[in-house]
Amino acid sequence: MTKNYLLEIGLEEMPAHVVTNSINQLAQKTAKFLKDNRISFSEIDKYSTPRRLAIIVKDMDEKQKDIDIKAKGPSKKIAQDADGNWTKAAQGFARGQGMTADDIFFEELKGVEYAYIQKHETGKDVADVLKDITEVITSLTFPTRMRWANFDFEYIRPIHWLVSLLDSQEVPIKILDVDSGRMTRGHRFLGEDVEIDNVRDYVDDLRGQFVLVDAKERKDLISSQIETIAQDNDWVVDVDPDLLEEVNNLVEYPTTFHGKFDRKYLEIPEEVLITSMKDNQRYFYVRNKAGELEPDFISVRNGNSEHLENVIQGNEKVLVARLEDADFFFKEDQSKTIQDYVNKLKTVNFHVKIGTMYEKMQRVHQISDHLATLFGLSDQERKDLLRASDIYKFDLVTSMVDEFPELQGVMGEKYASIMGETDGVAKAVREHYMPISAEGNLPSTKVGATLAIANKLDSLITFYAVGLIPSGSNDPYALRRQAYGIVRILDDNNWSMNLNDLQDFIAANLKVPDNLNLSEHSDELIQFMIDRVRQLLNTTSIKNDIIDAVASGSNIDPVAMVDTAKVLQSHSADLEFKAVIEALGRVVNLAQKAGFKYSDELKMDESLFENPSEKALNEKVAAIYTSQPDSAEKLYDRLAALKDSINSYFEENMIMDKDEKIKNNRLTQLVITNHLIAKLGDLSKIVVK
């Protein structure tokens, strides 16, 4: 016969963003606890509200499974002395197993005899096992923790009650000064404390006390209520899933309502209104059928429909206060010019070790000018880019962004447009932040994309210059996200940008304070960027060995690396691929052992050629150098065509010839050949079968 187990942790109200993760943790760790303790079950139902985390484990075994254990101990030489007496090691081993030395027997393992003990362990009743469930409760992790009373114990919020029931039987547990029982608490204002007689009654008993413990039930109810309000008012509501999840984790008994604000506030930019409603007040904004924002909102209260008018009026009052502030800031900000704000940036630090925001914009202007040429921007695009680079951070010192920091860039675009900037400039001011997350949207314009790259490059280079380099999980300035954003933007626009060449330009031309050595940590920064190319390639179906090969090559242009990886992947199914990679790989391996590297001055002495294969390979390699294939596909085709020549070369020639001059000449030939191959990558890393 199986049993059901209820565990409920009653808490002070938790922050909404931790509830879902916490209940998932509780279920996962309970499942592991039961598995480790040899208790089978069918499933774990999860229940959560802001004030409780609860699980019901269904169809549990009544007791642990019995097991037979054969424990291995020390070798016979250690377990017994020369006279065959048990040593302390043997006796300690036996005690550790709850047995005596007389229970020891020996078995041979790989030619050595070892001491063993065979024992039968009878499973405990499940109720006895569950008394240790506190180790699961205390092991939960949270982004923030707190202490209370005089306890050293830390948790997301103080624990107020515990319910621990096996069907109808209490399973006593205790955390700090809180003993478990069968008493749980209803809604803070509408409900009362209630005893749970049996696990099966848990959900219904709490529903009777105005608590819907099933998060999905609450969420479905909120969604349904929003849909009804929208239909009744002929509205279109964008039910953001993240906002719905957050609201759902703020309530135990949801009742959805709608309120209004004065239509005059619609003159404020839409983004400000949405931020005020959605981000600050957790309201759902509404539109009419034409897609226009309406002066209405939908919200959710934690309670029933009684006195709902008072709740609506209170929420309207709070929102109007925020909109009044926004309206004032919007008008006040327009009383100054963009140049006024730019001048204020001279006193705003980008970072204390690096300089001001104004100085950052000056550097970004220089980088942008270089990138405009590199990316082939038109004259108008260059003009817009350079203007945008001179002003793009100005909105940081506006009153609106000071009040609503999440609107940086958004308000920059609005104000730039209002104050007479071109659409290209205004849009770039907004798009330079993009992508704002690892997989976030990319800039839609070339000007915005170029400014975004320039801004992120400056951050990377200057932070590396002062030694503020990400390590492990520590990345306080989001440099990984910014570097990955650069790679994604380059890939999206198919823009070539050699990282070595770019760094050389920046180090030689960028005007920076004396304390910034832009060549400092340059190799680390390039490897950091290569790792972001790996990150991008790992989101594709390209094989890991091909990614490793490309990431180890000499071509450190992100787009070229991505293109090369795709080319190698596409050819990996060719019948000749294995033979091509093996031939080129032999060149790579020997060239890497040559003891010297490629340089433009490196020359061969054709008078030292002894076999036709040396001359044939030399001519074909020289032809590739002369033609300079302009794509990874063309380069691969030309190098693949060397396969037979390379094989003949190795058949006819002893590379490590006794004659030092001949040996070095052949190694030089391989190094020169490998210089071409390395543009594809380190092909010795590709696994072929």
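Is Tyr253 buried, partly exposed or exposed? I looked this up and found Tyr253 partly exposed, with a relative accessible area of 24%. The term is set by cut-offs: buried means under 20% relative accessible area, exposed over 50%, and partly exposed in between, with a 1.4 Å probe and protein chains only.

Entry on the model. I am working with a predicted model, in which local features need pLDDT of at least 70 and side-chain atom pairs count only at pLDDT 80 or more, while totals for chains, interfaces and linings use all residues. Residues are numbered from 1 along each chain as its sequence is written, and side-chain values use heavy atoms, with hydrogens and water left out.

Entry on aromatic pairs. I found 18 aromatic pairs in the structure. Rings of Phe, Tyr and Trp (its six-membered ring) pair if their centres lie within 6.5 Å; planes under 30 degrees apart count as stacked, over 60 as edge-to-face and the rest as tilted. I looked at Phe142 and Tyr155, whose ring centres are 4.9 Å apart with planes at 75°, so this pair is edge-to-face. Both residues lie in the loop between α5 (134–139) and β7 (159–166), 13 residues apart. Phe142 and Tyr155 are both buried. They also belong to one aromatic cluster with Trp148 and Phe153.

I then returned to Tyr253, which pairs with Phe210: the centres are 5.2 Å apart and the planes at 80°, so this pair is edge-to-face. Phe210 lies in the loop between α6 (202–207) and α7 (215–233), and Tyr253 in the loop between α8 (241–248) and β14 (254–260), so the pair ties together parts 43 residues apart in sequence. Helices (H or I, at least four residues) and strands (E, at least two) are DSSP runs, numbered from the N terminus. Phe210 counts as partly exposed, at 27% relative accessibility.

Entry on charges over rings. A charge sits over a ring if NZ of Lys or CZ of Arg is within 6 Å of the ring centre and within 35 degrees of the ring normal. I noted Lys72, whose charged end sits over the ring of Tyr114, 4.1 Å from its centre. Arg532 lies over the face of Phe528, 4.6 Å from the ring centre.

Entry on α20. Phe528 and Arg532 are among the buried residues of α20. This helix (residues 522–537) has 16 residues and reaches 23 Å from its first C-alpha to its last, close to the 22 Å expected at 1.5 Å a residue; the expected span is 1.5 Å times one less than the number of residues. Its buried residues pack against several helices, including α17 (446–465) and α22 (558–571).

Entry on the open sheet. I traced 4 strands in the order β13-β15-β16-β14, with antiparallel pairing; two strands pair if DSSP finds at least two bridges between them. β13 (236–237) and β14 stand at the edges with a single partner strand each, so one side of each is left without a neighbour in the sheet. Within β14, 5 of the 7 residues are buried, so this strand is largely enclosed by the rest of the structure. β14 and β16 pair over 7 bridges, and Lys260 stands opposite Asp296 in β16.

Entry on β1. I found 7 of the 9 residues of β1 (residues 3–11) buried. This strand runs antiparallel to β3 (residues 52–60), joined by 7 bridges, and Gly10 stands opposite Arg52 in β3. β1 is also joined to β7 by 7 bridges, again antiparallel.

Technical notes: Contact means heavy atoms within 4.5 Å.
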